[in-house]
Amino acid sequence: MKPYKFEPYLKTTIWGGYQIAPFKGIYTAQPNIGESWEISGVPGHESIAVERGLVDDVDVGLNLTQLIDKYKGLLIGQKVYKRFGNKFPLLVKFIDSRQDLSVQVHPDDKLAMERHGCAGKTEMWYVIKSDVGSKIYAGLSKSITPDDYEQLAYTEPVNGHSPMQDVLATHEAHEGDLYFLPAGRLHAIGAGNFLAEIQQTSDITYRVYDFGRKDAHGNPRELHVEQARDAIDYQVWPEYRTSYDSTKPTSQLINCPYFVVHRVVVQVAQQIDFHCDSFIIVMCLWGEANINGIHIRQGETILVPACENILYIFGNATFLTATI
């Protein structure tokens with residue numbers, strides 16, 4: 001089973017920019033592309049398999065859910081299939097923030113299941129590039145109570161500034177920065193960031209503050225202040241940026257119950273076995289290479305089946321890989 005390529009879902013957003021299409025080497029007249037959903041099992045937006053260089057490839061045109069139903073553990077791993085069934089557990093994206101995104105929080109699995117009948121959302125960001133002075137907002141900078149939070153969230157902004165901004169931990173963004181965002185952590189991507197996001201398959205978001213922004217009809221965007229109250233982790237942590245060894249050709253970035261992520265740098269050739277009963281998602285951040293018989297270049301993402309999940313890489317490129 002050769003790796004799969006999928007048609008990306010390009011999503012126009014109010015805060016989106018213009019970098020995703022050039023980064024991916026594609027042309028589109030679509031404006032304000034904020035997200036490219038690279039591999040998705042989200043109902044209604046399941047990724048569609050495209051041509052892989054095989055003669056009479058019967059899988060072309062099938063969506064990810066159909067492929068899992070067809071191949072089951074061979075595609076995603078026996079343990080993964082037993083745990084998730086036909087629901088693909090991860091959603092991976094490229095994100096381009098021309099403007100600040102809203103301050104938001106995601107519920108954990110327990111709360112999301114109680115309220116929405118679905119999984120919660122833990123995620124991570126890897127900054128591919130950032131403008132000088134751009135910011136990442138992640139976590140709390142000072143201790144507040146749920147009552148404090150609600151009062152801050154409902155206080156009217158003064159000169160475009162909300163007191164919510166005073167309690168958010170603010171970080172200068174730099175290329176290669178890594179942020180792990182467990183469910184419950186307040187966060188926002190600042191203007192001028194281009195990053196890769198790996199997350200649980202969930203689209204449940206509680207918007208807490210949106211910088212006074214209006215929607216396309218001139219109305220204030222909907223907030224979810226009360227819903228977020230019970231979802232927020234109010235603990236103040238000493239550090240929100242995640243460190244890793246950037247000098248190694250293969251560095252583990254994140255190891256959590258929902259995903260394991262590595263950064264891989266290949267200059268000529270490399271063979272990698274992550275010793276896991278899982279699919280491998282490979283996101284190309286720079287360069288180009290051949291992986292298990294499939295050509296991949298900057299801005300492309302492939303899904304390597306679990307039954308063929310030793311990576312044989314030839315080329316000069318930098319990747320993120322994600323497994324379960």
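This report walks through the pockets, nonpolar cores and cysteines of a predicted model.

## The largest pocket

What kinds of residues line the largest pocket? Sorted by class, the lining has 10 nonpolar, seven polar and five charged residues.

## The second largest pocket

Next comes the second largest pocket, with about 420 Å³ of space. Here 23 residues form the lining, and K11, W15, E35, Q104 and T205 are the closest to the centre. Strands feature in this lining: strand 2 (9–17), strand 3 (33–39), strand 4 (90–97), strand 6 (123–130) and strand 10 (187–189) are the elements that give two or more residues to the second largest pocket.

By class, the lining of the second largest pocket divides into nine charged, seven polar and seven nonpolar residues.

In soluble globular proteins, nonpolar side chains tend to be buried together. In this model, the largest nonpolar core has 38 residues, and the members that touch the most others are F88, I198, I281 and L303. Helix 2, residues 64–71, supplies the largest share of this core, with four residues.

To see what surrounds one core member, look at I281. Apart from neighbours within four places in sequence, I281 is in contact with I39, F88, L90, V92, T301, I302, L303, L320, T321 and A322. Two of these partners, F88 and L303, are also among the core members that touch the most others. There is also a second, separate core, with 36 residues, including V103, L111, Y137 and Y179.

## The cysteines

How many disulfides does the structure hold? The count is zero. C118 counts as partly exposed because its relative accessibility is 23%, and buried would mean under 20%.

C307 is likewise in no disulfide, and the nearest cysteine sulfur, in C276, is 13 Å away. With a relative accessible area of 37%, C307 is partly exposed.

Note on methods. Residues are numbered from 1 along each chain as its sequence is written. This is a predicted model: local features need pLDDT of at least 70, side-chain atom pairs count only at pLDDT 80 or more; totals for chains, interfaces and linings use all residues. Side-chain values use heavy atoms; hydrogens and water are left out. Ala, Val, Leu, Ile, Met, Phe, Trp, Tyr, Cys and Pro count as nonpolar, Asp, Glu, Lys and Arg as charged, and the others, Gly among them, as polar. On a 1 Å grid over the protein atoms alone, a cavity is a set of points where a 1.4 Å probe fits but cannot get out, and a pocket is an open set with protein on both sides within 12 Å along at least five of seven lines; lining residues have an atom within 4 Å of a point. Grid points are joined across faces, edges and corners, and a volume is the space filled by probe spheres set on the points. A nonpolar core is a set of buried Ala, Val, Leu, Ile, Met, Phe, Trp, Tyr and Cys residues joined through side-chain atoms within 4.5 Å. Buried means under 20% relative accessible area, exposed over 50%, partly exposed in between (1.4 Å probe, protein chains only). Contact means heavy atoms within 4.5 Å. A disulfide is a pair of cysteine sulfur atoms within 2.5 Å.
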